Amino acid sequence: MDTLKTILAVDDEPHMRRLLEISLRQAGYKALVAADGKQALSTLAAHNVDCVVSDLHMPGMNGLELLAQIRQQFEQLPVIMVTAQGEIKTAVEAMKLGASDYILRPFELETLEIAIAKALSNKRIALENRYLKADQQSTQGGLIGQSKPMLALKQYIQQVAPEKATVLITGETGTGKELIAKALHAASPRKDALFVAVNCAAIPAEILESELFGHEKGAFTGAVQARVGKFELADGGTLFLDEITEMPIHLQAKLLRVLQEGVVEKLGGNRPLNLDIRVVAATNRDPLQAVKEGKLREDLYYRLNVFQLASPALREREGDIALLAAYFLTKRGAHLSEAALACLQAYRWPGNVRELENVLERAAILSGGGTITATHLPADIAGQSGAINAGLLAVSPAEAGESTAATYSIPQATEQVERHLIEEALRACKGNKAKAAKLLEISERSLWYKLEQYQLK
């Protein structure tokens, strides 16, 4: 939905106010007018204004004083000063105080339009830059995989991406639901606008409402300045609500209204914001079971579930493990041996792709950035057969003759695996015991005990 931007024109001369009002409406804006600075501040408090066009010289509160008040109360609101030909120095001073631009009177309608369009564009760019700088999420490599489940998923994404329909992504933890949402955004007509992600489970309930809807200055204790919510930030783009079933029920009711009416109200505010947003939600629960348990409103479920995408578990796409491993290890210059790959493909991966990435990161450190063998994998993934293939339990014929049973000795196998992992960890950490202990996921005291037990230096 394209909504009209609201411009406030401030001038003490009635005929100039009328001229500005008509000009703004002709330019396609919603126009508000004020006769002086005090009336302008009252209007700003009562309406959601996108830009202010103010005369420099007015009785009572002049343009510079109004600008100073606006900067205190509405920090990011663009202000354009209108001044006469001989007052350029004052206009420059206004720019230093935070004005977005100035135009000289008399001016053409086109000049005013250009100045307003530039100010609004700069406001949006500044807003997006602040969000992108604050966003600490790592850049991902997109949807990797050529298995049947992944090819089907990519096909569905291409089909639904051009639409505005809400999408519900289901799947186990660690399967990459946010990546699917990002792929959906990237393939949509909204790709040039922001993709804003919110994890409903990671934000305390008492803060989540302000994060989503924003708040006005003084809306509650500690609200020292107005805050732009994630809904407003995502205007024109995509808002991704992860772990939607963890959102408090009373907020689910507000979300339902946003989805139905496309309107958001900030905390402490009474000015509805008309927004154009695509909402994509995700959950690792069975959504229908969540409805039965009272974790998800039934009406919200049906509103979100216009189109459902299922994120496949890694065990359902075994053929993609080699591709995923190659992607994760390329950054570290490491690669897998055939035996290690076989171990990875035989494992069930309860933590899915996230667990695979973590396991490979650890293995790459242990291997020193070289070839990852089964010995570098956790014991529950490598298994006894993996350790044997890697040569850890290899027994000479003479040893086998002395005791065939020793080949199957769990204590002996455990000792050899531990000894090898400790040696590799110390080598990777250049002898630093504290770092090696952390890498091995044991206490430093336990490491010193094992060094003495295995007579390792």
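When neighbours within four places in sequence are left aside, Val306 is in contact with Ala165 and Thr166. Val306 is found in the loop between α12 (298-304) and β12 (307-310), and although Val306 and Ala165 stand 141 residues apart along the chain, their C-alpha atoms are separated by 6.4 Å. The structure described here is a predicted model, and the values given below are computed from that model.

Helix α6 (residues 148-160) was examined next. With 13 residues at 1.5 Å a residue, α6 should span 18 Å, and the end C-alpha atoms of this helix are 19 Å apart, which agrees with that expectation. The buried residues of α6 are Met150, Leu153, Ile157 and Val160. These residues cover an arc of only 95° around the axis, and therefore they lie on the same side of α6. The face turned away from this buried side carries the exposed residues Lys148 and Gln158. As for what covers the buried residues of α6, the covering elements include β6 (167-170), α7 (177-186), β11 and β12.

Not counting residues up to four places away in sequence, Leu241 touches Val198, Cys200, Leu212, Met247, Leu255, Val279, Val280, Ala281 and Ala282.

Glu211 has a relative accessible area of 16%, and because a residue under 20% counts as buried, Glu211 is classed as buried. When residues up to four places away in sequence are not counted, Glu211 touches Ile203, Arg227, Gly229 and Lys230.

Another part of the model contains an open sheet of five strands in the order β2-β1-β3-β4-β5, in which the pairing is parallel. The edge strands of this sheet are β2 (30-34) and β5 (101-105), each of which pairs on one side only. On average, and with direction ignored, neighbouring strands of the sheet are turned by 20° against each other. Strand β1 (residues 6-10) pairs with β2 in the parallel sense over five bridges, and in this arrangement Ile7 stands opposite Ala31 in β2. Helix α3 (residues 63-73) packs on the sheet, where this helix touches β1, β3 (51-55) and β4 (79-84), and the direction of α3 makes about 175° with that of β4.

Ser121 lies in helix α5 (residues 109-134). At 36% relative accessibility, Ser121 counts as partly exposed. Ser121 and Pro78 are 43 residues apart in sequence, while their C-alpha atoms are 9.9 Å apart in space.

Finally, the backbone was considered at two residues. Most residues other than glycine have a negative phi. Asn352, in contrast, has a positive phi near 60°, and Lys430 likewise has a positive phi, near 55°. The surroundings of these two residues were compared. Asn352 is found in helix α15 (residues 352-366), and this residue is buried, with a relative accessible area of 0%. Lys430 has its place in the loop between α18 (410-428) and α19 (433-440), and at 79% relative accessibility Lys430 counts as exposed.

Note on methods:
Residues are numbered from 1 along each chain as its sequence is written. This is a predicted model: local features need pLDDT of at least 70, side-chain atom pairs count only at pLDDT 80 or more; totals for chains, interfaces and linings use all residues. Side-chain values use heavy atoms; hydrogens and water are left out. Helices (H or I, at least four residues) and strands (E, at least two) are DSSP runs, numbered from the N terminus. Contact means heavy atoms within 4.5 Å. Two strands pair if DSSP finds at least two bridges between them. Axes are lines fitted to C-alpha atoms, for helices over the stretch in contact, and angles run from 0 to 180 degrees between N-to-C directions. Buried means under 20% relative accessible area, exposed over 50%, partly exposed in between (1.4 Å probe, protein chains only). The expected span of a helix is 1.5 Å times one less than its number of residues. The arc is that of the directions from the helix axis to the C-beta atoms.
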